Amino acid sequence: MTRRESHRRQAGQPTRVLLAALSAAVCFGCTSSPPVSVAESDPALLVHDVRRGGDDAQIDGYLRHLADADCFVLEPDAATGPDGMRNVAVWPPGTTVWRDGGQVAGVEAPGREPIAIGSRVVGGGGYANPSTSDLDLPEVSPDCLTGGGEFAMLHTITSVTP
């Protein structure tokens, strides 16, 4: 157990409170920037500004783009249908939409090759439940969050498998 984990357990602070505190602390020189925002892109792309966030939670899912709902999601299994769990993908700062031949092909995260729709993305980060989180989360279509899905905030991407 790291010193930080030990301190968090001793203090009894839940992870989401720590994440909210980190989100507020990382905004240098700004006063009201939310920790999760919509990048100026078409289609919409959610990015976070949690620059020093932990990688406590493993994030693992297949990247999908739901054009009708205007969101990028991570589904836990390639065969999962609309009734399965779907998490809204929230990318590191600087991530952009990747287009190929005018079509949405995936995302480009800083320091990585483009990540194609359908790829399995594994990384570390955190989750925010839209019903219980203290974070200022943007409104998304109900189709983007299904089966108990949450906002999956990727801080690091450890592997991408086509």
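The model is a predicted one, so local features are taken only at pLDDT of at least 70 and side-chain atom pairs only at pLDDT 80 or more, while totals for chains, interfaces and linings use all residues. Residues are numbered from 1 along each chain as its sequence is written, and side-chain values rest on heavy atoms, with hydrogens and water left out.

Start with the barrel. Five strands close up in the order β3-β4-β5-β10-β9, with mixed pairing. On average, and ignoring direction, neighbouring strands of this sheet are turned by 55° against each other. Strands here are DSSP runs of E with at least two residues, numbered from the N terminus, and two of them pair if DSSP finds at least two bridges between them. The axes behind the angle are lines fitted to C-alpha atoms, with angles running from 0 to 180 degrees between N-to-C directions. In general, strands of a sheet pair through backbone hydrogen bonds, either parallel or antiparallel.

Both senses turn up around β10 (residues 151-161). On one side, β5 (residues 87-90) runs parallel to β10, and three bridges join the two. Ala 89 has Ala 152 as its bridge partner in β10, and Val 90 stands opposite Met 153 of that strand. The pairing of β10 with β9 (residues 120-128) is antiparallel and spans nine bridges.

Searching the whole structure gives one disulfide, counted as a pair of cysteine sulfur atoms within 2.5 Å. Cys 71 and Cys 144 make up this pair, with their sulfur atoms 2.1 Å apart. It links distant parts of the chain, since Cys 71 sits in strand β4 and Cys 144 in the loop between β9 and β10, 73 residues apart. The torsion about the S-S bond is -105°, which makes the link of Cys 71 and Cys 144 left-handed. Cys 71 counts as buried because its relative accessibility is 6%, and Cys 144 counts as buried because its value is 1%. For these labels, buried means under 20% relative accessible area, exposed over 50%, and partly exposed in between, using a 1.4 Å probe and protein chains only.

Salt bridges are up next. The rule asks for a side-chain nitrogen of Lys or Arg within 4 Å of a carboxyl oxygen of Asp or Glu, and the count comes to three. One of them brings together the side chains of Asp 60 and Arg 120, at 2.5 Å from N to O. This pair spans distant parts of the chain, with Asp 60 in strand β3 and Arg 120 in strand β9, 60 residues apart. Asp 60 is partly exposed because its relative accessible area is 27%; Arg 120, at 33%, is partly exposed too.

The other salt bridges involve Glu 75. Arg 64 meets Glu 75 with the closest N and O atoms 3.3 Å apart. Arg 64 lies in strand β3 and Glu 75 in strand β4, so this pair ties together parts that are eleven residues apart in sequence. Arg 64 is buried because its relative accessibility is 18%, and Glu 75 is buried because its value is 5%. Glu 75 also forms a salt bridge with Arg 86, at 2.8 Å from N to O. Here the link runs from Glu 75 in strand β4 to Arg 86 in the loop between β4 and β5, eleven residues apart. Like Glu 75, Arg 86 is buried. Through shared partners, these salt bridges join Arg 64, Glu 75 and Arg 86 into one network.

Asp 70 sits in the loop between β3 (57-66) and β4 (71-75). The phi of Asp 70 is near 55°, a positive value in a residue other than glycine. For context, most residues other than glycine have a negative phi. Asp 70 counts as partly exposed because its relative accessible area is 37%.

Asp 100 belongs to strand β6 (residues 96-100). Asp 100 counts as exposed because its relative accessibility is 53%. Its C-alpha atom is separated by 10.0 Å from that of Ala 116, a residue 16 residues apart from Asp 100 along the chain.

How values were computed:
Helix = DSSP H or I, 4+ residues; strand = E, 2+ residues; numbered from the N terminus.
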